[in-house]
There are 2 protein chains.
Amino acid sequence: MDTKRPLILVVNDDGVTAPGIRTLIRLMKTLGEVVVVAPDSPQSGKGHAITLDSMLQAERVYIDEGEQVEYACSGTPVDCVKLALNKLVPRKPDLCVSGINHGSNASINVLYSGTMAAALEGAIEGIPSIGFSLLDYAQDADFSQCEDYVLKIAEQVLANPIPKGTCLNVNIPKVKKDAIKGIRVCRQAHGNWNEEFDERINPLGKTYYWLTGNYVNNDPKTDTDIWALDNNYISVVPVMFDLTSHDTIQELKSLNHG
Amino acid sequence: MDTKRPLILVVNDDGVTAPGIRTLIRLMKTLGEVVVVAPDSPQSGKGHAITLDSMLQAERVYIDEGEQVEYACSGTPVDCVKLALNKLVPRKPDLCVSGINHGSNASINVLYSGTMAAALEGAIEGIPSIGFSLLDYAQDADFSQCEDYVLKIAEQVLANPIPKGTCLNVNIPKVKKDAIKGIRVCRQAHGNWNEEFDERINPLGKTYYWLTGNYVNNDPKTDTDIWALDNNYISVVPVMFDLTSHDTIQELKSLNHG
């Protein structure tokens, strides 16, 4: 194997057999040497969760043909990245890609997303990292329409490192390739989920709930990821792991004491 | 019950019976009407995880005497906040407090923390929110030394709302009350975890791992939470849920296309 080829770590949150990651693996193999460490079961909505109260396992799996080395891991997406970097990759990866997620990670979804948490974990470890998501939750979503764009963005990041302390949150509209108008670097739209818990009674008479809801966009401006996606652009948001609201430190100085 | 008293939602990630939340509940009862919705089992390290693939339950529990209304919830800390706000509180809370966590949530720990994710979820819903953590992982940690400070900060936030889009990440050094030098509003220190997976072989001959590691601080400056805590100050970091790295959007414009 040519060790001059970039090493690419591929992760996701939908699980190692999901069509989205199978597409991403196939694309990344054209750019470099690929190691896959992905959850052995769906881990959507797991955010930046890590496994502290249980052990982790990682099993070699052979799903598609090729030289890629693949592991199914019992943990969360962030566990996958941590275990990969510490135990499973032959050297520090040149790129970490997460996805392609089945469903949007735009706006506030970035916080709940296992896909984006994995990318952020790569960035914390100093690896250029990208999370890709297609706005289609279906298991049989059509990833073929966005392949050229995914490749193009990954190539650009390999050639020009992302600013330190950030990773990219790439979301792709659910339209045919010809309808994609291009790529927009933008910011996370302000929005939230309007939860509507579905309340039911179990056979023993006890109440239980299913979490459901609708995303509500509170941000009419045109420089957001939601605007870009609504207008058939691919959105690219630089996401950072310093959560400090630097602008408000001054405002809060009255809390200082001693 | 006097409906003029502020309504305070209390959550945590260590579980509803943890000494840290029992202390916080007792303190908040002196400030207002208290509703507790906390996990029925430990949920440390769960980050911003939500439960999508299972149902949720919330059971009334009666642990300490008093007028507070308490629920033990089967979900994550963020589930607790969502369920509380949508199904369990009598009106929109005036304050959401999370903790007191057994262990630090300073620096990069904010990302992995269920305590801080719950506070952030409160902020997303427009509620002034604070996460409190004591730098002592022990189950029998001594929370009595920090009670005055926790009360003082909560009172100040009730009197002067936190800037929109943020919550407070309050960490408290593990020292006697007299040794606490005061309160510092500061920023999240740059640091990361140096993982050291503990590799073992199970009785069937298969490898498994336990996640362990040490926090490494890469930030020598004196305006950080780690510096404050190392110098016996309580650290207060305003934390935001807009993860956009606004400063780097311009740098990434070469990715724009179409």
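Analyst: Helices (H or I, at least four residues) and strands (E, at least two) are DSSP runs, numbered from the N terminus. The model is predicted: local features need pLDDT of at least 70, side-chain atom pairs count only at pLDDT 80 or more, and totals for chains, interfaces and linings use all residues. Residues are numbered from 1 along each chain as its sequence is written, while chains are lettered from A and ligands numbered from 1 in the order in which they are written.

User: Where does Asn232(A) lie?

Analyst: Asn232(A) sits in the loop between helix H6 (225-230) and S13 of chain A.

User: What is phi of Asn232(A)?

Analyst: Most residues other than glycine have a negative phi, and most peptide bonds are trans. Phi of Asn232(A) is near 65°, a positive value in a residue other than glycine. Ser107(A) also has a positive phi, near 50°, and lies in the loop between S5 and helix H3 (109-112) of chain A.

User: Is Ser107(A) buried or exposed?

Analyst: Burial is a count of other C-beta atoms, placed from the backbone, within 10 Å of the residue's own: buried at 20 or more, exposed at 12 or fewer, partly exposed in between. Ser107(A) has 28 such neighbours and counts as buried. Asn232(A), with 15, is partly exposed.

User: Which peptide bond of chain A is cis?

Analyst: The bond from Gly99(A) to Ile100(A) is cis, with omega near -10°. Ile100(A) belongs to strand S5 (residues 95-102) of chain A. In chain B, the bond from Gly99(B) to Ile100(B) is cis too, with omega near -10°.

User: How many residues does the contact take from chain A and chain B?

Analyst: Two residues are in contact if their C-beta atoms, placed from the backbone, lie within 7 Å. The contact takes 66 residues from chain A and 65 from chain B. Strand S13 (residues 233-240) of chain A gives the largest share of chain A's side, six residues.

User: Why is helix H2 of chain B largely enclosed by the rest of the structure?

Analyst: Nine of the twelve residues of H2 (residues 77-88) of chain B are buried, so the helix is largely enclosed. Among these buried residues are Asp79(B) and Lys82(B).
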